[in-house]
Amino acid sequence: MRLLIIFIIGAASAAGISAVICRTALTVREYELPLEGVERPFTAVCVTDLHGRQFGRDNARLLELIRAQQPDVIFTLGDLIGRGASDGEVARMGELLRALREIAPVYSSLGNHEEDYMRITGRDLRPGIRDAGAALLDEDCEIAEIAGSRICLGGTLGHLWPDGRSREEFLSSPEYRLMERMQASGLPTVVLSHRPDTIIFEKAYENWDIDLFLSGHTHGGLIRLPLIGGLYAPRQGIFPRYDRGYFPIGRTRLLISGGFAGYGPFPRIFNRPEVCVLHFVPSEA
């Protein structure tokens, strides 16, 4: 019994210390991603699930760490603010996007919190995002030239499976039409999709010939347990399979960034906020 008490106290102390560290201590997580059609290597940084948090005054520490990666492009994957964001937090989101744009071209997609914010307040965030210099991919795509390679970039917050809709409703949805356009581009395809739900349920990953989906939303599983991984992710529940990392699935690939924030009052534990760095390289296939 004494050993059990000592273990419980030790585990609780370690969790408490980790929660404090995970509020401030940034880390870099890197991936090498072969991409067919890429002419030469380039580096991208993903920023997601900030939820209005700041790392240093005006995000100075975050920006310094991103700048140190020397990215050729920056992708923001949504939930830079929370659904209950103040006017000041919305303004800081614009300031962050402007600062990121000074480092590299920025392509942005919306998250569920931006979507909820606009629905609740009636205020459209999209013009401000564009005014800050980011290319907003909102159920749309565009051809981007990055380090000499032409890539079809798209952004969606929809589900690429019916999700309660009739077949006719699904086939006429913005997300379905977007995927059709991207598949027809003849170029490498990368989709910014805040929620991995977009592709993981109902084996949607079997239906789309897309090179890569980039997601956040899971917060890395919030609490990460040794040898197990993340504890919880929205809609996936306890011990999610798709919590953080790189997943070749079906006809595509999914990369999930652990992002920066916790869930509301719930802290991250053993799960440092991350700058996600993607090193794209020409495919040998």
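**Close-up views of a predicted protein chain**

**View 1. Overall dimensions of the protein chain.** A compact globule of 285 residues would have a radius of gyration near 19 Å, and the protein chain agrees, because its value is 19 Å; the radius is taken over C-alpha atoms, and the globule rule is 2.2 Å times the number of residues to the power 0.38. This is a predicted model, in which local features need pLDDT of at least 70 and side-chain atom pairs count only at pLDDT 80 or more, while totals for chains, interfaces and linings use all residues. Residues are numbered from 1 along each chain as its sequence is written, and side-chain values use heavy atoms, leaving out hydrogens and water. Along the principal axes, the C-alpha atoms fill a box of roughly 65 × 45 × 40 Å.

**View 2. Secondary structure and burial in the protein chain.** The protein chain holds 8 helices and 16 strands, defined as DSSP runs (H or I, at least four residues, for helices; E, at least two, for strands) numbered from the N terminus. Of its 285 residues, 55% count as buried; buried means under 20% relative accessible area, exposed over 50%, and partly exposed in between (1.4 Å probe, protein chains only).

**View 3. The aromatic cluster of Phe 170, Tyr 176 and Trp 208.** These three residues, Phe 170, Tyr 176 and Trp 208, form one aromatic cluster. Rings of Phe, Tyr and Trp (its six-membered ring) pair if their centres lie within 6.5 Å; planes under 30 degrees apart count as stacked, over 60 as edge-to-face and the rest as tilted. By this rule the count comes to 7 aromatic pairs. One of them joins Phe 170 and Tyr 176 edge-to-face, at 5.2 Å centre to centre with 75° between the planes. Tyr 176 and Trp 208 also form an edge-to-face pair, at 5.2 Å centre to centre and 75° between the planes. This pair links distant parts of the chain, 32 residues apart: Tyr 176 is in helix α7 (residues 174–183), and Trp 208 is in the loop between α8 (197–200) and β9 (212–215). Phe 170 counts as buried because its relative accessibility is 9%. Tyr 176 and Trp 208 are both buried, with a relative accessible area of 19% for Tyr 176.

**View 4. Glu 139, a loop residue with positive phi.** Glu 139 is not a glycine, although its phi is positive, at about 55°. Glu 139 lies in the loop between β5 (135–136) and β6 (140–146).

View 5. Phe 270 is found between β15 (252–256) and β16 (274–282). Its phi is near 55°, a positive value in a residue other than glycine. Phe 270 is partly exposed, with a relative accessible area of 42%.
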